[in-house]
Amino acid sequence: MKQPFVAGLAAALFAVILWGIQLPIAKDAFVTVDPFFLTASRYVIATLCLAGVLAWREGVGALRYDGRLGRASAFGAVGMCASPMLVFLGMSMSRAEHAVVIVAMQPAITAIALWVTQGRRPATMTLGCLVGAFLGVVLVVTKGSPIVAASPRELVGDLLVLVGAACWVYYTMGTVRMTGWSTWRITVLTMAPGALACVLVNAALLVAGTTQWPTLAALTSVAFEICYLTFGGVLTAMLAWNFGARRIGALNAALLINFMPVVTFAYRVVQGQRFLPVEILGAALVVAALVANNLYLRAASLREERLARASA
């Protein structure tokens, strides 16, 4: 195995581990700080840091929108504000292990979105994997009970997480069409309006009296969580992911990210959480279905490449 591939694999895996631990850490922080403030603070700090990195890598001119402010702002507001706020708000009402298996369904949501918007029907194998992954999510959320074991509050939270995951799919599908910009430029120039939207949402909630500004004591008590979510979950993970994905390819990267639920469940076990066998089965079913679909797509891609070379 070539050294660049090994380095890329290690970097991408490191990012997946950081992201898998991120949700439980955020859930623990919600006891003291509300998800709206937590989302806004991490994205504002991350945006400022990444803007500096972009200016250093590509020059100050890369910070200009060049006529794409409206489109970048729309994608940023949905992907960098609505998506994380809904996921964090939903998780504050539910559980991190619920959130991670729902977020892991994003490839399935993407396939369905492409089917609905572009008429690109998924292959039969992919549809079967999507059904399997959905059943796994149901097992985790309901604990296999004929009568839903989760409380109504948890179900509402899980629904919010699902909507947040769909928002991220919208962002991803939209930014793919923004050709001519580097990955770094797209990230920063959509994150900036997203961070601004987060600040505006917080301001509106503060004025309405729905939330309160956290005290210094409250912030100090979750300083580690805020630092991890900002510098670990956003800055370090994104740097590692971008580095790794470029070296191992999109299919290999997608295969690794499917293991996020494994990391989250393992971290919860280390924290002392005990899961029912049916919850473990459900999470395993989600991972197995997504991995099987990834391997199927990989094989199909290789077949297409061989046919193209044979035709040439």
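Author: Let's start with arginine 268, which sits in helix 12 (residues 260–270); helices are DSSP runs of H or I with at least four residues, numbered from the N terminus. This is a predicted model, where local features need pLDDT of at least 70, side-chain atom pairs count only at pLDDT 80 or more, and totals for chains, interfaces and linings use all residues. Residues are numbered from 1 along each chain as its sequence is written, and side-chain values use heavy atoms, leaving out hydrogens and water.

Reader: Which residues is arginine 268 in contact with, leaving aside neighbours within four places in sequence?

Author: Contact here means heavy atoms within 4.5 Å. With neighbours within four places in sequence left aside, the partners of arginine 268 are Pro24, Lys27, Asp28, Ala96, Glu97, Gln273 and Phe275.

Reader: Which residues have the most contacts inside the largest nonpolar core?

Author: A nonpolar core is a set of buried Ala, Val, Leu, Ile, Met, Phe, Trp, Tyr and Cys residues joined through side-chain atoms within 4.5 Å. The largest one has 53 residues. Its largest share, eleven residues, comes from helix 1 (residues 3–29). The residues with the most contacts inside this core are Leu23, Phe88, Met91 and Val101.

Reader: How many residues does the second, separate core have?

Author: This core includes Tyr43, Trp181, Met191 and Ala195. Its size is 21 residues.

Reader: Which helix supplies the largest share of the nonpolar patch?

Author: The patch is formed on the surface by Val44, Leu48, Leu196, Val199 and Leu200, with about 460 Å² of accessible area together. Helix 2 and helix 8 (183–208) each supply at least two of its residues. The largest share, three residues, comes from helix 8.

Reader: What is the relative accessibility of valine 44?

Author: Valine 44 lies in helix 2. This residue counts as partly exposed because its relative accessibility is 31%.

Reader: Near what value is phi of aspartate 66?

Author: Aspartate 66 is placed in the loop between helix 2 (35–58) and helix 3 (69–93). With a relative accessible area of 53%, aspartate 66 is exposed. Its phi is positive in a residue other than glycine, and the value is near 50°.

Notes: Buried means under 20% relative accessible area, exposed over 50%, partly exposed in between (1.4 Å probe, protein chains only). Patches are made of residues with over 30% relative accessible area and no salt bridge: like charges are joined within 9 Å, nonpolar side chains (Val, Leu, Ile, Met, Phe, Trp, Tyr) within 5 Å. Accessible areas come from the Shrake-Rupley method with a 1.4 Å probe; for residues, only the protein chains shown count as cover. A salt bridge is a side-chain nitrogen of Lys or Arg within 4 Å of a carboxyl oxygen of Asp or Glu.
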